[in-house]
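Open the model in your viewer and keep the selection panel at hand. This tour goes from stop to stop: select, look, move on.

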Amino acid sequence: MKRKILCVVGTRPEAIKMAPVILALKKEPWAQVRVLATAQHRHMLDQVLSFFDIEPDIDLDIMRPNQALTTLTARLLLDMDDVLLEEKPDVVLVQGDTTTVMTVGLACFYHRIPVGHVEAGLRTWDMQNPFPEEANRVIAGKLARWHFAPTEGSRQNLLREGVLDTEIVVTGNTVIDALLMTAAKDLEIGIDLDTDKRLVLVTSHRRENFGEPFRNICRALLTLAEQNPDVQFLYPVHPNPNVKDVAHEFFGTCANVRLCEPLDYAPFVAAMKRAYLIISDSGGVQEEAPALGKPVLVLRDETERPEAVEQGVVKLVGSNYELIVNEAQRLLDNGGAYREMARGISPYGDGHGAERIVNVLREYFA
Ligand code: UD1
Ligand code: UDP
């Protein structure tokens, strides 16, 4: 008898990190794989699913412009009732720390359906940072039956919260599975860039930075762009209006800051490979860039991904104007400092995360 595994994706990073799991499960004769897109993101989710050739079986099409967390949560919970009653999956897999993960975890708990949490155990121990993701993953962690922890550190976090050792498996982060699958291909950024200039790649979207912190970040980037006319900045802008409108206000006319729509995953990987330096508040980028040997300045005060910081290849600069300008300028000017951060290590995975997750489920059903 086939076992029904419902794999849930809501946003861009969930799709990138769940894709290797979906593709690996589809090769298993015992598994009937169903893909549920909550579509908490629309275009950015579709970009990724189409790149990995994954078509959702169910699409809730939940995204609304500038959606509020409470409404998003309420709508997702209501829709999940119908999905779970109709689908009756044996297991549901969720990934990460978004509103999709928290609500789907809760709905499955109410329906007594076991949940596997992919990328479990990341913690800053500060509910406000990142907001609301720390709360989302703590709640998902309380409800999950399997905790697929990317690193030993995340396993330790779960043990500290009282999760049973037997329910945790250290798998590595499937973001590295996706990255290795993609980076091996012949990739193009698809945007005209000056090949003689060094490239600084920028992304930013965190809710806790909205408002003045994000404006500080923009001011710092503007100063860096003015101080370094020989460097080009590429900034694929997140479509959240709290980010998009401000980014366009700051950089609309700046000659060496190129704003663009969110890049498709493959072109974005190409941009990371081409970049000299990455400045970002993204979780996924903090995991990918070290594996590509690219230093990252992280626009956050705290991170749930301390491994790369401890190894000196990622540095936290928050939304502090001076810190951002000084650290970036140091890496642009000082070859020694740059080389120390550009060492090419991969603390988050070895490309076999999905395989380990599938092994756990295969054994469970056997
Ligand atoms: C969400 C996640 C965050 C994750 C990020 C990845 C929550 C609360 N936040 O943040 O953890 O790091 O995704 O990118 O789960 N929008 C579009 N088109 C899209 C996607 C978004 O227009 O394809 C706009 C919409 O106006 C939408 C807004 O962005 O309402 C916010 O989307 P939402 O998923 O609520 O939050 P993010 O900031 O994207
Ligand atoms: N990414 C992408 N296009 C972009 C920016 C990022 O495909 O223009 C990818 C990136 O490679 C990473 C993921 O999106 O795998 C990170 O998503 P995001 O920063 O939106 O969310 P987070 O990881 O912070 O939750």
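Start with the shell around ligand 1, which divides into eight nonpolar, eleven polar and five charged residues. The classes are these: Ala, Val, Leu, Ile, Met, Phe, Trp, Tyr, Cys and Pro count as nonpolar, Asp, Glu, Lys and Arg as charged, and the others, Gly among them, as polar. The model is a predicted one, so local features need pLDDT of at least 70 and side-chain atom pairs pLDDT 80 or more, while totals for chains, interfaces and linings use all residues. Residues are numbered from 1 along each chain as its sequence is written, chains are lettered from A and ligands numbered from 1 in the order in which they are written, and side-chain values use heavy atoms, with hydrogens and water left out.

**Stop 1: ligand 1**

Select ligand 1 and its surroundings: 24 residues. A residue belongs here if one of its heavy atoms lies within 4 Å of the ligand. The closest are Gln 40, His 41, Arg 64, Glu 133 and Arg 207.

Now show the polar contacts. These are pairs of N or O atoms within 3.5 Å; within protein, one must be able to donate a hydrogen and the other to accept it, and residues adjacent in sequence count only if both atoms are side-chain atoms. Which backbone atoms lie by an oxygen atom of ligand 1? A backbone N or O atom of Arg 64 lies 2.7 Å from one. For Asn 66, the distance from a backbone N or O atom to a ligand oxygen is 2.8 Å. For Thr 99, it is 2.9 Å. The protein covers 93% of the 750 Å² of accessible area that ligand 1 has on its own. Accessible areas come from the Shrake-Rupley method with a 1.4 Å probe; for residues, only the protein chains shown count as cover.

**Stop 2: ligand 2**

Move to ligand 2. Its shell has 15 residues, and the closest are Arg 12, Leu 263, Ser 282, Gly 284 and Glu 288. Pick the side chain of Arg 12: one of its N or O atoms is 2.7 Å from an oxygen atom of ligand 2. Then pick the backbone of Leu 263, where a polar atom is 2.8 Å from a nitrogen atom of the ligand. At Gly 284, a polar backbone atom is 2.7 Å from a ligand oxygen. How much of ligand 2 does the protein cover? The figure is 95% of the 530 Å² of accessible area that the ligand has on its own.

Colour by element next. Helix 1 (12–26), helix 10 (265–274) and helix 11 (283–291) each give two or more residues to this shell. Helices (H or I, at least four residues) and strands (E, at least two) are DSSP runs, numbered from the N terminus. By class, the shell has eight nonpolar, four polar and three charged residues.

**Stop 3**

Seven of them form an open sheet, with parallel pairing, in the order 3-2-1-4-5-6-7. Strand 3 (58–59) and strand 7 (168–170) stand at the edges with a single partner strand each, so one side of each has no neighbour in the sheet. Two strands pair if DSSP finds at least two bridges between them. Zoom in on strand 1 (residues 3–9) and strand 4 (residues 91–95): they run parallel, joined by three bridges. Leu 6 has Val 92 in strand 4 as its bridge partner.

**Stop 4**

Most residues other than glycine have a negative phi, and most peptide bonds are trans. Go to the loop between strand 5 (115–118) and helix 5 (133–143), the place of Pro 130. The peptide bond from Asn 129 to Pro 130 is cis, with omega near -5°. Pro 132 lies in the loop between strand 5 and helix 5 too. The bond from Phe 131 to Pro 132 is cis, with omega near 0°.

Then select Asp 53, in the loop between helix 2 (43–51) and strand 3. What is its phi? The value is near 60°, positive in a residue other than glycine.
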